[in-house]
Amino acid sequence: RNRTDSTHTLAGSWEVGNQLPYMSCVQWVNEKTLVACGLNGVFVSSNSGTSWEQISTIGFHTMAVASNKKNATIYLAGGSGKVGKLLLKL
């Protein structure tokens, strides 16, 4: 199945490649880094969404991002009260 979905935000735009499954939430961390979460896990892209790396198989529904120039903290929430915290070095 090929996906060529795209989205445009105030922060920029990105296109979904073939390797990213359906995601519940996608957030910009900085001008090149995106984090996506859904029932299939958590994914990170460091090249504006061109390619994605799965960093967790635990499913989440939503997230909030707090970042500065060197680090990002991502808070995730899922079903049944599940919460997670992801620390990224930028």
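Author: Start with a definition. A nonpolar core is a set of buried Ala, Val, Leu, Ile, Met, Phe, Trp, Tyr and Cys residues joined through side-chain atoms within 4.5 Å. Buried means under 20% relative accessible area, exposed over 50%, and partly exposed in between, with a 1.4 Å probe and protein chains only.

Some ground rules come next. The model is predicted: local features need pLDDT of at least 70, side-chain atom pairs count only at pLDDT 80 or more, and totals for chains, interfaces and linings use all residues. Residues are numbered from 1 along each chain as its sequence is written, and side-chain values use heavy atoms, with hydrogens and water left out.

Now the core. The largest nonpolar core has 13 residues. Val35, Cys37, Val42, Met63, Ile74, Leu76 and Leu88 touch the most other members. β4 (34-38), β5 (41-45), β8 and β9 each supply at least two of its residues. The largest share, three residues, comes from β8. Strands here are DSSP runs (E, at least two residues), numbered from the N terminus.

Look at Val35. Leave aside its neighbours within four places in sequence. Val35 is then in contact (heavy atoms within 4.5 Å) with Cys25, Val26, Gln27, Val29, Val42, Phe43, Val44, Trp52, Met63, Ile74 and Leu88. Another core lies apart from the largest one. That other core has seven residues, among them Leu34, Ala36, Phe43 and Trp52.

Next, the sheet that holds β8 and β9. Three strands form an open, antiparallel sheet in the order β7-β8-β9. Two strands pair if DSSP finds at least two bridges between them. β7 (62-67) and β9 (83-89) each have a single partner strand, so one side of each is left without a neighbour in the sheet. Neighbouring strands are turned by 20° against each other on average, direction ignored. Those angles use axes that are lines fitted to C-alpha atoms, and they run from 0 to 180 degrees between N-to-C directions.

Follow β8, residues 71-77. Seven bridges join β8 to β9, and the two run antiparallel. Ala72 stands opposite Leu88. Asn71 stands opposite Lys89. β9 has two faces. Gly84, Leu86 and Leu88 lie on the covered one. Val83, Lys85, Leu87 and Lys89 lie on the uncovered one.

What joins these two strands? β8 and β9 form a hairpin with five residues between them. Ser80 in the turn has a positive phi of about 60°. Gly79 lies in the loop between β8 and β9. At 32% relative accessibility, Gly79 counts as partly exposed. Gly79 and Gly59 are 20 residues apart in sequence, and their C-alpha atoms are 8.5 Å apart in space. Lys82 lies over the face of Phe60, at 5.4 Å from the ring centre. A charge counts as over a ring if NZ of Lys or CZ of Arg is within 6 Å of the ring centre and within 35 degrees of the ring normal.

The other sheet supplies β4 and β5. Four strands form this open, antiparallel sheet in the order β3-β4-β5-β6. Its edge strands are β3 (25-28) and β6 (53-56), each pairing on one side only. Four bridges pair β3 with β4 in the antiparallel sense. Leu34 in β4 is the bridge partner of Trp28.

Last, the whole chain. The chain has zero helices and nine strands. Of its 90 residues, 38% count as buried.
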